[in-house]
Amino acid sequence: MAVAAVHAGGIADHIHPEPQGFVRRYVFSLDHKIIGIQYIITAFVFFMLAGLLAEAIRTQLLNPGGGFVANGTYNEIYSIHGSTMVWLVTIPLLTGGFGNLVFPIMIGARDVAFPWLNMLSFWIFPVSGLMLFSSFLLGAPTAGWMEYPPVSLQGAAGTSMWCAAIFLVGVSSTMTGINFVVTILKMRAPGMTFTRMPLFVWGQFATAPLLMIATTALAAALAALFIERQFGVPFFDPAKGGSPVMWQHMFWFYSHPAVYIMILPAFGIISEVLPTFARKPIFGYKLIAFSSMSIALLGFMVWAHHMFTSGLAPFLQLPFMILTYVIGVPTGIKIFSWTATLFRGKIHYTTAMLFAIGFIALFTIGGITGIFLAAIPFDLHVHGTYFIVAHLHYVLVGGSLMGIFAGMYYWFPKMSGRLLNETLGKLHFWLFFIGFNLTFLPMHWLGMEGMPREVATYDPQFTFWNRFESFASYLMTFAILIFFFNAIWSIRNGKRAGANPWGARTLEWQIPSPPNYYNFKHVPTVYGLPYDFSTPLPYKGLDEELTDSPPVPAGAH
Amino acid sequence: MSVASLARGAHGELDQLYIETRELRLQGFLLFLVSDCVLFSSFIFAYLYLRNSGQGWPPPGIQRLDVAFAAWNSVVLFGSGATMHYALENFKHGKWMAYMWFLLATIVLGAGFLGGQAYEYNHLIYAEHVTWWGSGIFGASFFTLTGMHGMHVFFGVCYLTVLVLQSSAGVYTRGKYFGITAGTLYWHFVDVIWVVLFSIFYLL
Ligand SMILES: [Cu+2]
């Protein structure tokens, strides 16, 4: 049925008229590749801002008594740091950014299903980002990125601005999710069956429903918080009969799946980079694909593991603990498959590959501490301490962000036509990897010893490790500056990449870099999986892609 | 598949591109309804959570809602669901006048439901002094949810009015009428949400 829906000569083969003029081409573009690049650039701008906030946090923590910023300001800083990294950096980069940039090409489509909606999704994103940062002018939220009531009910006016900004960026995510689901279901090239889709597409396919469903649940919570703050209508204020614990339910029902929104596409990136540079078929293709889907599904059933200290009845706590362990199984399967892909491979240690291998190492640590935290007795001990901070940064920086960097080094030539500098890239990787571990590894024991998170000052017994972490974090920031320099320098001066600098086999590498606005001259026909390096490419109809011939849409009207 | 053949049968050559665009839009629209449904579900969860938080329901000082009036109002809304169904069916079979009358009837019934809701709100606020902001979790859950639903009905009525204008201008043909299909789906969706809201607020 799904294959039958993809007719040659139909919408999959339709070529939009070529956009004219700077504004149509690069500002209000309908082209998924341009929109992807717009997402990536915008998200990296917010990434820089969030990084500045992170360094303000670490500088404050150089001394037990703080002193770099006022204690209240410190609360605003970590709240906006967290909110920015989740909603304005990681999610947009992995879905709107890399998703838009490559997955339509990977399934042999000329664009996403709804290009206009795609443009709208993008333009909501910088607007909501500006709103979020403007909350500093009104008094930013101070209850962390989770904004638990009653603190968030008492916060300054900026908290309402925070609600509105996150609501808007959620609307953008929801539209992206709908767009991607329909695109993957309906726009695949002939022969691109589900079991022939590249694993990055599977990652997006598992993520898009989460964007659509979980984000809407968060929207409800944000709307309720906004209404309560602005109109005094009680949902969460216990003094008026509301329930602050209800916020935690509504928030984590979104925010646990949000973790998967931030990691499943990164899994997809890793699953492309590893086989390409190990020159070996990915081990357990179907296992990886289906485990992504089961992680997405199970992700909706574990939210209360964030609430073991919130007075949940014990008979409710137990299933949440067990289901959280269950999620460890598909995740473990993936790590096993990736390791097996590397085994006896002919490994090319490019920067993208280094980041992918670094990803496996760091994400595994973050995953294992996640299993610790699922155990109720252990969670009761470390809840609200730096152990949580360590865990979540291993998953979201060691996992998602390392995946994003792997993707940047891997797909930068497809975006720009030029390679990123490999020497600078390796410097970036090693400084970042070392700086990251020195920053976040000691947080595990600080947390076990009881140092609470989200506090501007701390007990002097923790001074040594905090200073150590702060200095290490400056190393991380330096590494990221190298990356920014590399990216800006390479756009003009990088080595020319050609169509397929890595010898990769997915469809985006079979067309020029950067691709033409119509992607393919002929929509290709697909005959197999892209990962079998010993056989000829499983595509037909791509012979003229790298020649000067004009595009020939079979169904042009 | 039957839809596609119908479209071709009516017009001889209806272009393939339109048929596939319509399939995309239909799927996108259904997914939009799914996420809208999640929005309602989250607020319904909030209502049930607060209702069961041990304060008794309705909370002290608040009367039970008037089931009889709301039941009649529901009949009006469900009736509009039926007329919308017939509007679409008649359009598909080329009975243009019947389509228009059923569509207009849907609009009138939808507006009637909104009127009933306005009357009910008016009664609650001025006769019983139960307001959105001043009656604790009861006002929070009742007015937010039914208000959200009322907004949906309002947008629906506006959209159906646009459909009337577009239809008179000849925008829709026997092969191309996605706008009418979408309107019908939306209207049925709003009906189903009301079944749930009516059950949990008035009957529970
Ligand atoms: Cu979780």
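This is a predicted model: local features need pLDDT of at least 70, side-chain atom pairs count only at pLDDT 80 or more; totals for chains, interfaces and linings use all residues.
**Ground rules.** I count residues from 1 along each chain as its sequence is written, with chains lettered from A and ligands numbered from 1 in the order in which they are written.

**Entry 1: the copper.** I looked up what holds the copper ion and found His256(A) through ND1, plus His305(A) and His306(A), each through NE2, at 1.7 to 2.0 Å. Donors here are N, O and S atoms within 2.8 Å of the metal (3.2 Å for Na, K and Ca), and water is not among the atoms, so sites may look incomplete. Along the chain the donors are spaced H-x48-H-H. His256(A) sits in helix 8 (residues 244–278) of chain A, and His306(A), 50 residues apart from it, is in the loop between helix 9 (285–298) and helix 10 (314–342). My helices are DSSP runs of H or I with at least four residues, numbered from the N terminus.

Next I checked burial (buried is under 20% relative accessible area, exposed over 50%, partly exposed in between, with a 1.4 Å probe and protein chains only). His256(A) is buried because its relative accessibility is 7%; His306(A), at 21%, counts as partly exposed.

**Entry 2: helices 10 and 11.** I noted that two packed helices are described by the angle between their axes and the distance between the axes. The axes are lines fitted to C-alpha atoms over the stretch in contact, and angles run from 0 to 180 degrees between N-to-C directions. Helix 10 of chain A packs on helix 11 (residues 351–374) of chain A at about 160°, with axes 10 Å apart. So helix 10 of chain A is roughly antiparallel to helix 11 of chain A, a label for angles over 145 degrees. Among the residues that meet are Trp338(A) in helix 10 and Phe363(A) in helix 11.

**Entry 3: helices 4 and 6.** I found that the axes of helix 4 (residues 115–138) and helix 6 (residues 158–186) of chain A come within 8 Å and cross at roughly 165°. Helix 4 and helix 6 of chain A are therefore roughly antiparallel too.

**Entry 4: Ser152(A).** Is Ser152(A) buried or exposed? Ser152(A) has 1% relative accessibility, so I wrote down buried. Ser152(A) lies in helix 5 (residues 151–154) of chain A. Beyond its neighbours within four places in sequence, Ser152(A) is in contact (heavy atoms within 4.5 Å) with residues including Glu147(A) and Arg229(A).

Key:
Side-chain values use heavy atoms; hydrogens and water are left out. Helices (H or I, at least four residues) and strands (E, at least two) are DSSP runs, numbered from the N terminus. Angles under 35 degrees count as roughly parallel, over 145 as roughly antiparallel, 65 to 115 as roughly perpendicular and the rest as oblique.
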